[in-house]
Amino acid sequence: MVFNTGAALLDAIVLAVVSKDKEGTYGYKITQEVRGVLEISESTLYPVLRRLQKDECLEVYDMAYAGRNRRYYKLTEKGEAQLRLYEVEWKNYSRKISQLFEGGL
């Protein structure tokens, strides 16, 4: 992608991916789903997950899987509210950009 992905957009994408599973999802799966939208490395994703956890948008829990612990991430109420805000902001932003490309505002 030729456009930079800012922190807010990356946060919004991660929250949207995590919100798909009410019981939570794990880091590798989040990475794969985000990569369906934009190219991202795990070294970029995990600081985003930690920041969202610190901001109380995600809660984290571990569960055994194949003899190992797997870390799961789940949206909190604050995370759900933040995702709704991002959705509104994105719709407004993308509508304005589309209008500009289509000939004016």
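**Exercise 1.** Work out which residue follows α3 with a positive phi.

*Solution.* α3 is followed by E56, and its phi is positive, near 65°. A quick note before going on: this is a predicted model, where local features need pLDDT of at least 70 and side-chain atom pairs count only at pLDDT 80 or more, while totals for chains, interfaces and linings use all residues. Numbering starts from 1 along each chain as its sequence is written, and side-chain values use heavy atoms, with hydrogens and water left out. Helices (H or I, at least four residues) and strands (E, at least two) are DSSP runs, numbered from the N terminus.

**Exercise 2.** Find which residues of α3 are buried and which exposed residues sit on the face turned away from them.

*Solution.* Step one: buried means under 20% relative accessible area, exposed over 50%, and partly exposed in between (1.4 Å probe, protein chains only). Step two: the buried residues are L45, V48, L49 and L52. Seen down the axis of α3, they fall within an arc of 100°, so they line one face of the helix; the arc is taken from the directions from the helix axis to the C-beta atoms. Step three: the face turned away from that buried side carries the exposed S43, R50 and K54.

**Exercise 3.** Classify the aromatic pair of Y26 and Y72.

*Solution.* Rings of Phe, Tyr and Trp (its six-membered ring) pair if their centres lie within 6.5 Å; planes under 30 degrees apart count as stacked, over 60 as edge-to-face and the rest as tilted. The centres of Y26 and Y72 are 5.8 Å apart and the planes are at 75°, so the pair is edge-to-face. Y26 lies in strand β1 and Y72 in strand β3, so the pair ties together parts that are 46 residues apart in sequence. Finally, Y26, Y61 and Y72 form one aromatic cluster.
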